[in-house]
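This report covers confidence, salt bridges and the surroundings of the ligand. The sequence and the structure come first.

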Amino acid sequence: MEKNPVSLLEHPEQSLRKKSIYDMTYEQMEDWAVSKGWKKFRIQQIYNWLYKSRVDSFEEMTNLSKETRKALSEEFEFTPLELVRQQIAKDGTRKFLFRTEDGALLESVMMVFDYGNSVCVSSQVGCNMGCAFCASGLTKKSRNLKASEMVAQFMAIQKELDRSNERVSHIVVMGTGEPFDNYENVMNFLKTVNHDRGLAIGSRHITISTCGVVPKIYEFADGHYQYNLAVSLHAPNNRLRDSLMPINKAYPLEELMKAIDYYTKENNRRLTFEYILLNGVNNSVEDAKELARLLRPYNCYVNLIPYNSVDEHGFRPVNREEAMKFYDVLKKEKIAVTIRKEHGSDIDAACGQLRIKEIRKGRK
Ligand code: SAH
């Protein structure tokens with residue numbers, strides 16, 4: 001394709017910048033291959049190189065012809081995420097801080113569970129949801145992440161693990177950002193990591209967490225995906241939820257629960273509610289009873305989350321005994337409940353803390 005010299009002058013960066021190969025889902029790559037007059041089969045080879053051999057350049061795709069490699073490198077590039085810092089905790093948790101091409105900072109976490117290694121991916125640069133307790137919201141969203149930038153977070157971490165022949169088996173979209181505020185890119189990212197011919201992360205090993213963007217819950221329900229859905233609840237009534245999560249003013253509990261009912265019935269799926277225990281705010285026995293009354297009609301379970309303190313916000317975590325008290329009430333009320341194990345508490349554990357630290361350092 002000939003470059004248009006006029007547009008080169010008007011938008012030099014946009015015109016020169018190639019699309020990232022990680023932005024292309026398998027199906028999009030097949031369509032592209034067909035448009036080139038290639039056999040679809042070639043995409044299988046390319047996908048193998050990208051996601052099984054995990055090469056960093058088109059030159060390394062040695063079983064492709066020179067022309068094919070040239071055609072690829074003329075239109076695509078790899079998304080370069082620069083690794084700024086890696087912290088490793090005693091329990092094996094690793095935190096990664098990345099810088100994008102345009103200088104934005106991203107955080108991803110890898111956690112070690114007995115069932116495998118799970119990567120927590122960021123979906124936006126900053127977040128606009130403004131939850132009162134969360135470090136991510138300390139900086140407003142500056143932009144959505146592209147699918148390629150989410151794929152690249154995963155790939156960078158998988159490549160680190162390749163050194164010791166380990167594999168990432170699970171993904172949670174629970175890093176900085178609201179995935180349902182960047183729906184299409186998140187779904188394309190998941191399509192890529194989920195694809196059988198690539199990384200093949202099983203759908204049941206993928207969880208998307210939302211603060212409750214109701215229209216997107218309906219859209220997700222209608223998509224009949226096999227991914228797990230988690231909803232950040234954190235309060236059993238509108239009064240308390242309004243004070244913790246601004247999204248509740250747009251979509252109050254009645255609307256949220258209606259959407260959840262639709263999702264669970266439409267998909268015949270159980271749903272997870274996340275509930276951070278904030279000392280003296282939402283952890284009383286009365287709160288637990290009210291939560292049980294709210295959730296009883298639904299096919300769901302509750303994941304109680306220990307709070308990672310964020311200095312700026314002033315909320316306090318509960319101790320083990322208080323967490324157990326809340327847990328026991330839910331159990332007695334026949335609500336399925338678990339307490340999330342803490343990970344990486346000896347490093348900057350709370351979501352977005354590493355990123356905030358780096359941003360502040362830069363401002364000094
Ligand atoms: N925006 C999405 C996903 C990102 S947050 C959502 O709200 O679900 C992922 C989870 O971490 C949410 O349940 C969020 O409420 C929780 N979280 C945020 N800050 C936290 C903190 N300091 N300690 C523990 N959990 C936190």
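Is lysine 159 buried, partly exposed or exposed? Lysine 159 counts as partly exposed, at 22% relative accessibility; buried means under 20% relative accessible area, exposed over 50%, and partly exposed in between (1.4 Å probe, protein chains only).

The model is predicted: local features need pLDDT of at least 70, side-chain atom pairs count only at pLDDT 80 or more, and totals for chains, interfaces and linings use all residues. Residues are numbered from 1 along each chain as its sequence is written, and side-chain values use heavy atoms, with hydrogens and water left out.

**Confidence**

The protein chain has a mean pLDDT of 91, and 93% of its residues reach 70 or more; pLDDT is the predictor's confidence in each residue, from 0 to 100. Residues 1-15 have pLDDT below 50, and this stretch has six contacts in the model beyond near neighbours in sequence (contact: heavy atoms within 4.5 Å).

**Salt bridges**

Side chains of opposite charge can pair when their charged atoms come close. A salt bridge here is a side-chain nitrogen of Lys or Arg within 4 Å of a carboxyl oxygen of Asp or Glu, and by this rule the count comes to 16. The table lists some of them.

| Pair | Closest N and O atoms |
|---|---|
| Aspartate 56 and lysine 159 | 2.4 Å |
| Arginine 143 and aspartate 102 | 2.9 Å |
| Arginine 163 and glutamate 160 | 3.6 Å |

Aspartate 56 forms a salt bridge with lysine 159. Aspartate 56 lies in the loop between helix H4 (41-53) and helix H5 (66-75) and lysine 159 in helix H6 (residues 147-162), so the pair ties together parts 103 residues apart in sequence. Helices (H or I, at least four residues) and strands (E, at least two) are DSSP runs, numbered from the N terminus.

Arginine 143 forms a salt bridge with aspartate 102. This pair links distant parts of the chain, 41 residues apart: arginine 143 is in strand E8 (residues 143-144), and aspartate 102 is in the loop between strand E4 (94-99) and strand E5 (105-113).

Arginine 163 is exposed at 69% relative accessible area, whereas glutamate 160 counts as buried at 17%. Salt bridges that share partners join Arg94, Glu160 and Arg163 into one network.

**Ligand**

Of the 20 residues around the ligand, Glu178, Ser209, Ser232, His234 and Asn308 come nearest (near: a heavy atom within 4 Å). A side-chain N or O atom of glutamate 178 is 2.9 Å from a nitrogen atom of the ligand. A polar side-chain atom of serine 209 lies 2.6 Å from a ligand oxygen atom.

Key:
A polar contact is a pair of N or O atoms within 3.5 Å; within protein, one must be able to donate a hydrogen and the other to accept it, and residues adjacent in sequence count only if both atoms are side-chain atoms.
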